[in-house]
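Subject: Structure for your review

Dear colleague,

Please find below the structure that I am handing over to you. My notes on it follow directly after.

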Amino acid sequence: MKRIDNAKMIALFDRDINRYFYHCYDLALAGRDGYKIKEMAYYVQEESSPLSSFLCVRIYEDDSVVIGVNSEDGAFWEEAADFISALTAEVIDVAACDEFYTHPYVAKRLAVTSAESGAPIYGLLAPEELAPLGEQEGVSVSLMTAEEKAFLQSHTELYEDFEEELRSPSLWDACDCFFDTRFYLLKEGDKVIGFLRGELGYKNYYDVGWVYVAPAYRGKGYGKLLTLYFSHDLLKNGLYPHYGYAINPASASVAKSCGYTCTRPSQIFKRIIKK
């Protein structure tokens with residue numbers, strides 16, 4: 001396998017960012033203070049195109065190793081399996097499709113010890129595919145300001161309809177895992193009845209990290225309203241929206257109704273050991 005310089009990988013990736021967003025987006029963040037990934041490396045076959053067949057090695061702060069493989073070439077999977085089995089770690093986590101583990105060559109070298117189904121990933125492949133932003137009578141959506149955040153942290157009665165575990169001033173603190181977070185508030189008058197948290201993924205990409213509507217207000221299309229407002233607001237400001245993982249049927253329904261397309265099916269995350 002041939003190692004690709006990370007700077008070269010980023011340059012190649014930028015040419016096809018929609019397709020490879022979730023393979024490569026945190027490459028630019030690797031090693032930054034406070035970020036969970038310590039090191040990333042990409043490998044390809046000598047003759048392959050880096051964006052058609054590559055193996056990504058991610059080393060986290062606790063020195064755990066996660067491998068991701070992307071290829072439609074069976075020979076590349078064989079070479080990837082050989083490369084993985086040569087790693088010093090006896091147990092590693094691998095994210096890949098089922099075909100990787102059913103390949104006869106791989107089965108001879110690796111043994112699966114556990115598996116967990118992932119969630120489909122949805123993306124907006126073209127801005128024109130986004131549904132128009134309609135209006136909902138009696139409610140409004142807006143990007144939370146610093147002043148609103150401070151106010152909500154001291155006036156919890158304004159979101160008393162939230163489920164108990166969310167009725168805390170710490171709700172409005174940004175997630176420590178991300179460098180930039182955008183909160184969109186769904187309000188009925190001055191009362192907050194829902195929110196959407198958008199998280200910076202890569203450059204100008206923001207991902208839907210969490211869509212929440214208070215139980216008493218569900219079934220009214222407010223999840224879709226939040227998602228569309230977030231999406232249109234980003235696009236008009238030169239940013240790009242991404243839905244990411246749809247963790248349940250309701251979430252998938254919202255993504256599709258807004259114009260997002262399933263860009264990758266459910267992934268299988270497996271722990272493997274060398275035989």
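Two strands are said to pair if DSSP finds at least two bridges between them. Helices (H or I, at least four residues) and strands (E, at least two) are DSSP runs, numbered from the N terminus.

The model is predicted, so to speak of a local feature requires pLDDT of at least 70 and side-chain atom pairs count only at pLDDT 80 or more, while totals for chains, interfaces and linings use all residues. Residues are numbered from 1 along each chain as its sequence is written, and side-chain values use heavy atoms, with hydrogens and water left out.

**The chain as a whole**

The secondary structure of the protein chain comprises eight helices and 15 strands. Of its 275 residues, 45% are buried, where buried means under 20% relative accessible area, exposed over 50%, and partly exposed in between (1.4 Å probe, protein chains only). The protein chain exposes about 13800 Å², of which carbon and sulfur atoms supply 50%; these areas come from the Shrake-Rupley method with a 1.4 Å probe, and for residues only the protein chains shown count as cover. Contact means heavy atoms within 4.5 Å. Among contacts between residues at least 6 apart in sequence, 64% join residues at least 24 apart.

Strand β1 (residues 2–4) pairs with β2 in the antiparallel sense over three bridges, and Arg 3 has Tyr 43 as its bridge partner in β2. Strand β2 (residues 37–44) is mostly covered, with six of its eight residues buried. β2 is also joined to strand β3 (residues 54–60) by six bridges, and these two run antiparallel. Here the bridge partner of Glu 39 is Ile 59 in β3.

β3 is in turn joined to strand β4 (residues 65–70), again antiparallel, by six bridges. Cys 56 has Gly 68 as its bridge partner in β4. The hairpin of β3 and β4 has four residues between the strands, and Asp 63 takes a positive phi near 70° there.

**The five-stranded sheet**

An open sheet of five strands has the order β8-β9-β10-β11-β12, with mixed pairing. β8 (140–143) and β12 (240–242) stand at the edges with a single partner strand each, so one side of each is left without a neighbour in the sheet. Neighbouring strands of this sheet are turned by 30° against each other on average, direction ignored; the axes are lines fitted to C-alpha atoms, for helices over the stretch in contact, and angles run from 0 to 180 degrees between N-to-C directions. Within the sheet, strand β9 (residues 181–188) and strand β10 (residues 191–202) pair in the antiparallel sense over eight bridges, and Arg 182 has Gly 198 as its bridge partner in β10.

**Helix α7**

The 15 residues of helix α7 (residues 222–236) should span 21 Å at 1.5 Å a residue, and the end C-alpha atoms are 21 Å apart, which agrees. The expected span is 1.5 Å times one less than the number of residues. Among the buried residues of α7 are Tyr 222, Leu 226, Phe 230 and Asp 233. Their cover includes β8, β9, β10, β11 (205–213), β12 and α8 (249–258). Gly 238, whose phi is positive, near 75°, follows α7.

**Aromatic pairs**

Rings of Phe, Tyr and Trp (its six-membered ring) pair if their centres lie within 6.5 Å; planes under 30 degrees apart count as stacked, over 60 as edge-to-face and the rest as tilted. By this rule there are 15 aromatic pairs. The rings of Tyr 184 and Tyr 229 have centres 5.9 Å apart and planes at 65°, so this pair is edge-to-face. The pair links distant parts of the chain, with Tyr 184 in strand β9 and Tyr 229 in helix α7, 45 residues apart. Tyr 184 is buried at 0% relative accessibility, whereas Tyr 229 is partly exposed at 21%. Ring pairs also link Tyr 159, Phe 162, Trp 172, Phe 183, Phe 195, Trp 210 and Tyr 212 into a cluster.

**Two further residues**

Ala 252 lies in helix α8 and is buried, with a relative accessible area of 12%. Leaving aside neighbours within four places in sequence, Ala 252 is in contact with Tyr 122 and Ala 246.

Ile 272 lies in strand β15 (residues 268–274) and is buried at 1% relative accessibility. The C-alpha atoms of Ile 272 and Thr 113 are separated by 5.5 Å, although the two are 159 residues apart along the chain.

With kind regards
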